[in-house]
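Hi,

Here is the structure I promised to pass on. My notes on its salt bridges follow below.

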Amino acid sequence: MNIGLGLPIDDPAQLLTWARRADTGPFRTLGLLDRLVYDNPEPLVTLATLAGATSRIRVQTEVLLAPHHNTALLAKQTATLDRLSGGRFTLGIGVGGREDDCLAAGIDLHRRGRRLDEQMTRLRRTWSGEPYGEGAGPIGPAPATPGGPEVLFGGFAPAALERVGRFGDGFLGAALPPSFMANLFRDATTAWQKHDRPGRPRLVAQANVALGPDTTLDLARRNLRDYYAFSGHVEYMEAGLLTTPQQIRETTDAYFGIGADEVMLYRWASDPDQIDRLADLLC
């Protein structure tokens, strides 16, 4: 079973401790979310730092809001991170939905999906060593992974699932119970087959979890409510927070039962002792 850790964002100074302790445990991946108008660390800069402090564990954006980024610079940054990490980087990618993020990035909220499609064409071309565009040559360095880092698309809309088949290596589904996630996994696989892709897409599920004393659980709930305040679904998200070993075991088993290749357990409080608690639970 592949289990990853979603990193907390309330205390960036703790993230090196999280990464080093996770690197010695049973975890496959460290994930980090992306927002612009929010008090979170920038994911590519942060994951580059964490990759340099670890030797085994993978690093993953979960998900990077690509339309907010300059495409040429994003191609260079992601290739560099993949190269420096020795191919341990996964680019989880999506469009986002916050109007304030789009305003700050200077992009049209209503064109972000079309912008991502254009970006993916250029990213794939650039990672393969082709010229970036008319009048612009190749952009290096070459990524460690031939053709570019692994790309997982996150989202719920049909367009997001379609991108799995067109551009991606797999799908990342977040914050839905296994019974609903099964439908998204099926639709992602259908999109993959529609585009005559060989094999099958990589399927990754994400659950929000917190383990520890009441202070840790209270902080996790508070951070979760703050992050999802914009969505109008705060009560639903808080109700879905898994806070007992039994809940976590049952939910991860259910995700693997519907075909997940990896389950990311996203943490919402910076208490690093959660790493050991979760490792003991998994062993």
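Arg 21 and Asp 273 form a salt bridge through their side chains, at 3.3 Å from N to O. This is a predicted model. Arg 21 sits in helix 1 (residues 15–23) and Asp 273 in helix 11 (residues 273–282), so this bridge ties together parts that are 252 residues apart in sequence. Arg 21 is partly exposed, at 25% relative accessible area. Asp 273 is also partly exposed, at 37%.

Next, a pair within one helix. Arg 221 bridges to Asp 218, with the closest N and O atoms 3.7 Å apart. Both belong to helix 8 (residues 214–227). They are three residues apart there, so about one helical turn separates them. Arg 221 counts as partly exposed, at 25% relative accessibility. For Asp 218 the relative accessible area is 42%, so Asp 218 is partly exposed too.

Then there is Arg 186 with Asp 187. Their closest N and O atoms are 3.8 Å apart, and the pair forms a salt bridge.

Salt bridges link Arg 28, Glu 150, Arg 202 and Glu 262.

For the overall count: a search of the whole structure gives 17 salt bridges.

Best wishes

Conventions
Residues numbered from 1 in each chain as written. Predicted model: local features only at pLDDT ≥ 70, side-chain atom pairs only at ≥ 80, totals over all residues. Heavy atoms only, no water. Salt bridge = Lys/Arg side-chain N within 4 Å of Asp/Glu carboxyl O. Helix = DSSP H or I, 4+ residues; strand = E, 2+ residues; numbered from the N terminus. Buried < 20%, exposed > 50% of the residue type's maximum accessible area, 1.4 Å probe, protein only.
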